[in-house]
Amino acid sequence: MAAGGERRYNTSMRSLLLLFLAGCTVAPASMTSTTADIHSYAEPQRVRSTHLDLELTLDFERHVAHGLVTHHLQRSEATAPFVLDTAGLTIEAVQDQTGFPVSWEQPMQSDPVLGKRLIVHLNANTERVRIRYATAPDAEAMQWLAPEQTNGGKLPFLFTQGQAILTRTWIPLQDTPAVRVTWSARIKAPNGLVTVMSASERGQDGEVATFSMKQPVPSYLIALACGDLTSRPLSGRCAVWAEPSMIELAASELAETELMVSACERLFGAYRWGRYDVLVLPPSFPFGGMENPCLTFATPTILAGDRSLVSLIAHELAHSWSGNLVTNATWRDFWLNEGFTVYLEARIMEEVFGQGRAAMEVNLGMQELAAELQTLPLADQKLHIDLTGRNPDDGMTGVPYQKGAAFLRRLEQVFGRARLDAFLQSWFDRHAFQSVTTATFVAFLQAELLAKHAAKANQIDVTQWITGTGLPGDAPVPDSELFAAVDAQLVAWRGGTPPLQLLTKDWATQMWLRFLAGLGTADKDKLAELDSAFVFTRSGNSEILCAWLVLAIRADYHAVDRRLELFLMTVGRRKFLKPLYEALLLSADGQARALAIYAKARPRYHAVSQRTLDAMLGYKTK
Ligand code: BES
Ligand code: ZN
């Protein structure tokens, strides 16, 4: 940091930079190796894995993967051991590149969040380390589905979910986003199943599916799925993968994918990953989407039939820039991944579907954030969150997403869209294939935007945005005429206009979501009236259905009960499960129902959703 530049910082900016610089020993923008990641045991500044070759045999009967992983090492400290992360893995043997055994050790005890370190003692000439291991049947990253949990119902299914620190449950590696590796894989699965991975190349060697990723990626982006899968091209570089029975629906729903990729390229620079494919998973997938490189994993609950929920694809695609190209170095910098991505997502939606649609989606996001902030502990309201002693998953609130995006929208408002776009392009270019901290971003922001437009810089309090709680008063929320129209109908409804006389013709999904959010604590008779007019209980749109079910549960409107149970028994997406179970827990009656349903549904949920719901419902696992 040039001392001369410092004179131009406003006071808060200077104290923020000093604060950050004090916390880092040496932190030039490109060096992330010295930044400690408290969620990994790895010591990459001493010995670092730069490439890994994976061989895996999938045993669907036992829910076990037998693995052999070879790490290529960069050794900066001659006598230092190679330290990796593992969780629940059985380590069977460790050898060097010549097949000679090398000594290794693991502690007896496993940390409940971090797992166990694996320490491999290297000889003077060790260049590569080969580890033979097996995964545990309850490995958190792997969900093994019985045939009845798939749409086809005939074949089993497996998918992995690495983010944030779950890759260590299926591959022993340096499981920190500060370490990037290129990789190759050979996967052996039972006949009749198709394997796909988050790879830049795929091939077949007899019975073995082969993959490689030529660009260095963080560990959480290594992903695999295996099941009865087929694909349909959407464009020269885009395709959709799904079970055969879902493929037509998926292909027509995602037909606009190429438009989104080209739009994002126009805005933020070339798409650098070759293909952009989407895999539509069975409904137990715990997230809406996961930005695995070259192959976004997505929930089938976005297939509404009218393409109204495709902003999720815009979001996962945007991670190809914010997240996969430029990656948060630690989980406390998660807002650099998600806040940027929510901002890019809205820009893609605006480009492809127009400003009206984008403004509605931004509004809904901000409305959700405002509601969440009412109950979120103050410490968790900061973009630069302190996750000491916690699971990084605890940081996955609306704050990194919506407050992070609002920060960029504020920068856009102050400096103008053209300048912010140029700034973001250069942020992605200059940090491509690097892992970055909040301090790196603040320094870059200072040098490339604030210092260059000093007259405007005092219109934004960067410290407040990054380390403050709540939502800064200058957070912009775009006007939405379409939402004003919905609000007018809400006023009419509250004034006694019967539902069928409300002006709801041609309302988009987002308008219905605004409407439902505005109903407040309508009683069950009111809900029954609305239901007979608009048939919400039978909606095939998962977002509308979930919002409706929450209202119904709260109002004891029992006409939804069967639909609700079916939904909870099939869908494992945590974003839906949480508010539904939460609403049930509000009454004694509902509490009993919640526990009864959960006891049946729990085995069908992914470990990530189980963890959240176990805590919420006080569910004890023996
Ligand atoms: N990368 C996230 C999912 C994630 C975050 C998984 C942290 C594990 C730990 C993904 O890009 C995401 O944000 N998904 C959202 C959808 C999005 C439209 C907000 C989701 O799944 O709800
Ligand atoms: Zn995301």
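The zinc ion (ligand 2) has 6 donor atoms around it, and the angles they subtend run from 53 to 159°, which makes the arrangement irregular. Donors here are N, O and S atoms within 2.8 Å of the metal (3.2 Å for Na, K and Ca), and water is not among the atoms, so sites may look incomplete.

A quick word on the model: it is predicted, so local features need pLDDT of at least 70 and side-chain atom pairs count only at pLDDT 80 or more, while totals for chains, interfaces and linings use all residues. Residues are numbered from 1 along each chain as its sequence is written, chains are lettered from A and ligands numbered from 1 in the order in which they are written, and side-chain values use heavy atoms, without hydrogens and water.

Back to the metal. His315 (NE2), His319 (NE2), Glu338 (OE) and Glu338 (OE) coordinate the zinc ion (ligand 2), at 1.9 to 2.7 Å. Histidine 319 sits in the loop between helix 5 and strand 20 (326–328), and glutamate 338 in helix 6, so the pair ties together parts that are 19 residues apart in sequence. Helices (H or I, at least four residues) and strands (E, at least two) are DSSP runs, numbered from the N terminus.

Taken alone, ligand 1 exposes 520 Å², and the protein buries 88% of that (Shrake-Rupley method, 1.4 Å probe). Its shell counts 15 residues, those with a heavy atom within 4 Å, and Gln163, Gly288, Glu291, Glu316 and Tyr401 come nearest. Helix 5 gives the largest share of that shell, 3 residues.

The peptide bond from glutamine 163 to alanine 164 is cis, with omega near 0°. Arginine 307, in the loop between strand 19 (295–298) and helix 5, has a positive phi, near 60°. Most residues other than glycine have a negative phi, and most peptide bonds are trans.

Definitions and conventions. Four donors count as tetrahedral if all angles lie between 85 and 135 degrees; four count as square planar and six as octahedral if opposite donors are over 155 degrees apart and all others between 65 and 115; anything else is irregular.
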